[in-house]
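Have a look at the protein below and turn it around a few times. Then come back, and we'll walk through it together.

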Amino acid sequence: MINKYFYMMKRENIDQLVKVEHHKIVNCPLRDNQFSFFQIVYVICGRGFLKINNNNAAYSKGSLILLTPNDQHYLEVVEKTELLLVKFSERYVKDYKWNSINSMECLLYGASYLSGCILQNKPDVILVESIASSLLHGIHYPDLYHEELTLHYVNALIVIAARNISKMR
């Protein structure tokens, strides 16, 4: 199933603090998509190239990609791709109490110079895979307290992304 998300908009906004989506795509015909929010992209399967801010990076199964607000990007799909998209607003990052991470917003915004997979800390691979599985399970089998669990999984994914970005510097 190819979702209209990749076809209808060049500039996208979200009307909630956090939104999680699952997509299967064969191609992405729009160029220079731009969002007003952060987005973590987890590649469940497939391969291709991510064009981001005039850079080109390969993606494949297990890639974890962070898009920051106003990044210009698009996917060049080589092989049918399945994605988990975790969208979260700037306000969510600003308002959440991150305990020991004082500069979460700066850290995430600083990732705009990165292109491609940010998952560099090998022990985090299994954590990200488990979180992605849990988020997918919640999408396909929503149950009591689904939204609360989703927020916890999203927070864990954001912290893991931040840890990997910190280690890349």
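What follows is a tour from the overall layout down to single pairs of side chains.

First, some ground rules: this is a predicted model, so local features need pLDDT of at least 70 and side-chain atom pairs count only at pLDDT 80 or more, while totals for chains, interfaces and linings use all residues. Residues are numbered from 1 along each chain as its sequence is written, and side-chain values use heavy atoms, with hydrogens and water left out.

Let's start with the layout. The protein has five helices and seven strands. Helices (H or I, at least four residues) and strands (E, at least two) are DSSP runs, numbered from the N terminus. Read from that end, the order is α-β-β-β-β-β-β-β-α-α-α-α. Of the 169 residues, 46% count as buried. Buried means under 20% relative accessible area, exposed means over 50%, and partly exposed is in between (1.4 Å probe, protein chains only). As for contacts (heavy atoms within 4.5 Å), residues 24 or more positions apart account for 72% of those with a separation of 6 or more.

Now find strand β7, residues 73-88. Twelve of its 16 residues are buried, so this strand is mostly covered. Two strands pair if DSSP finds at least two bridges between them. On that basis β7 pairs with β4 (residues 38-52), running antiparallel over 13 bridges. It also pairs with β2 (residues 18-25), again antiparallel, through eight bridges. Two examples of residues facing each other: Lys-51 has Tyr-74 in β7 as its bridge partner, and Glu-21 stands opposite Leu-85 in β7. Keep in mind that in a regular strand the side chains alternate between the two faces of the sheet.

Next come the charged pairs. A salt bridge is a side-chain nitrogen of Lys or Arg within 4 Å of a carboxyl oxygen of Asp or Glu, and the structure holds six of them. One links Glu-79 with Arg-47, with the closest N and O atoms 3.3 Å apart. Glu-79 lies in β7 and Arg-47 in β4, so this pair ties together parts that are 32 residues apart in sequence. Glu-79 is partly exposed at 39% relative accessibility, and Arg-47 is partly exposed at 43%. Another salt bridge brings Lys-51 and Glu-76 together at 3.7 Å, N to O. Here too β4 meets β7: Lys-51 is in β4 and Glu-76 in β7, so parts 25 residues apart in sequence are tied together. Glu-76 is partly exposed, at 31% relative accessibility.

How far apart are the closest N and O atoms of Arg-91 and Asp-95? They are 3.5 Å apart, in a salt bridge. Both residues sit in helix α2 (residues 90-95), four residues apart, which means about one helical turn separates them. Arg-91 is exposed at 52%, and Asp-95 is partly exposed at 48%. Salt bridges with shared partners also join Lys-19, Glu-21 and Lys-87 into one network.

Is Lys-87 buried or exposed? Lys-87, in strand β7, is buried, with a relative accessible area of 0%. Its side chain joins that of Glu-21 in a polar contact of 3.2 Å. A polar contact is a pair of N or O atoms within 3.5 Å; within protein, one must be able to donate a hydrogen and the other to accept it, and residues adjacent in sequence count only if both atoms are side-chain atoms. Glu-82, also in β7, is buried at 16%. Its side chain makes a polar contact of 2.6 Å with the side chain of His-22.

Finally, look at the nonpolar cores. Each is a set of buried Ala, Val, Leu, Ile, Met, Phe, Trp, Tyr and Cys residues joined through side-chain atoms within 4.5 Å. The largest has 33 residues, and Ile-40, Leu-84 and Phe-88 are among those that touch the most other members. Helix α5 (146-168) is one of the elements that supply at least two residues, and its seven residues are the largest share of this core. Beyond its neighbours within four places in sequence, Phe-88 is in contact with residues including Ile-14, Phe-37, Val-93 and Ile-158. A second, separate core of 16 residues includes Val-43, Leu-50, Leu-67 and Val-77.
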